[in-house]
Amino acid sequence: MKKDFTISYDQFKSVEELNEIEKELFEKAKSARENAYAPYSNFFVGCAVLLENGEIFTGNNQENAAFPSGLCAERTALFWIGANFPDQKVKKIFIVGGPKEVSEKNPPIPPCGACRQSIIEYETKQNENIELYFSNLHEEGIKVSSIKDLLPFYFDGTFL
Ligand code: THU
């Protein structure tokens with residue numbers, strides 16, 4: 001029997017289409033990107049995370065000469081939040097990425113598979129979806145209302 005997944009997402013051509021808090025997240029993710037430590041890939045990613053108490057925290061990718069020891073922007077931010085604000089729900093995550101020298105051709109950068117898995121863990125933990133946005137530096141991007149839309153057949157603690 002053949003079955004299908006359907007995902008819905010919003011596409012924006014400019015952050016001007018977003019509300020004030022979403023624009024702020026974009027600006028903060030973009031600034032955080034500038035502090036990424038990415039000497040090996042020269043690919044700079046920033047991420048801004050909105051908590052339910054209204055605070056926004058940021059992260060960026062942190063690379064390492066032993067490549068697998070580095071970490072993506074999303075997990076750098078989320079693990080720090082998980083360590084310091086374990087009871088705060090995560091409401092929104094905004095990711096802005098691209099090569100160091102960006103051009104208008106660079107597409108919006110979606111989270112990698114490992115980050116999708118990690119974000120799902122926090123959705124499960126807080127029993128509430130996290131809205132996720134990703135864009136390029138030219139402000140066009142995608143919004144999904146849950147990371148689960150980007151990871152069909154996801155694995156979580158319910159299987160254990
Ligand atoms: N990267 C992120 O920070 N987030 C993602 O979701 C995709 C990839 C980083 C990891 C590495 O430092 C660089 O981008 C190139 O893969």
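## Basis of the model

The model is predicted, so local features need pLDDT of at least 70 and side-chain atom pairs count only at pLDDT 80 or more, while totals for chains, interfaces and linings use all residues. Residues are numbered from 1 along each chain as its sequence is written, and side-chain values use heavy atoms, with hydrogens and water left out.

## Annotated domain

An unreviewed UniProt entry carries the annotation "domain: CMP/dCMP-type deaminase" for residues 20-158. UniProt positions are given here in the numbering of this model, feature names are shortened, and annotations may be inferred rather than shown by experiment. The span 20-158 is 29% helix and 24% strand, and its end C-alpha atoms lie 36 Å apart. Helices (H or I, at least four residues) and strands (E, at least two) are DSSP runs, numbered from the N terminus.

## Nonpolar cores

A nonpolar core is a set of buried Ala, Val, Leu, Ile, Met, Phe, Trp, Tyr and Cys residues joined through side-chain atoms within 4.5 Å. Buried means under 20% relative accessible area, exposed over 50%, and partly exposed in between (1.4 Å probe, protein chains only). The largest core has 23 residues, and those touching the most other members are Val49, Leu78, Val90, Ile93, Ile119 and Leu132. At least two residues of this core come from each of β2 (43-51), α2 (73-84), β4 (90-99), α3 (113-126), β5 (131-135) and β6 (141-144).

Contact means heavy atoms within 4.5 Å. Not counting residues up to four places away in sequence, Ile93 touches Cys47, Ala48, Val49, Leu78, Ile119, Ile130, Glu131, Leu132 and Tyr133. Ala48 and Tyr133 are included, with Phe12 and Val15, in a second, separate core of 13 residues.

## Largest pocket

The largest pocket holds about 250 Å³ of space. On a 1 Å grid over the protein atoms alone, a pocket is an open set of points where a 1.4 Å probe fits, with protein on both sides within 12 Å along at least five of seven lines; lining residues have an atom within 4 Å of a point. Grid points are joined across faces, edges and corners, and the volume is the space filled by probe spheres set on the points.

The lining has 19 residues, of which Val45, Asn61, Glu63, Leu71 and Cys72 are the closest to the pocket centre. β2 and α2 are the elements that give two or more residues to this lining. By class, twelve lining residues are nonpolar, five polar and two charged.

## Loop between β4 and α3

Glu101 lies in the loop between β4 and α3, and this residue is exposed, with a relative accessible area of 66%. Asn106 lies in the loop between β4 and α3 as well, but is buried at 18%. Asn106 touches Pro99, Glu101 and Asn136, not counting residues up to four places away in sequence. The C-alpha atoms of Asn106 and Asn136 are separated by 6.6 Å, although the two are 30 residues apart along the chain.

## Loops around β5

Asn127, in the loop between α3 and β5, is exposed at 70% relative accessibility. Its phi is near 55°, a positive value in a residue other than glycine. Most residues other than glycine have a negative phi.

Glu139 lies in the loop between β5 and β6 and has a positive phi, near 75°. Glu139 is partly exposed at 22%. Glu140 is also placed in the loop between β5 and β6 and is partly exposed at 26%. Not counting residues up to four places away in sequence, Glu140 touches Phe12, Lys13, Pro108, Phe134 and Ser135.

Conventions
Ala, Val, Leu, Ile, Met, Phe, Trp, Tyr, Cys and Pro count as nonpolar, Asp, Glu, Lys and Arg as charged, and the others, Gly among them, as polar.
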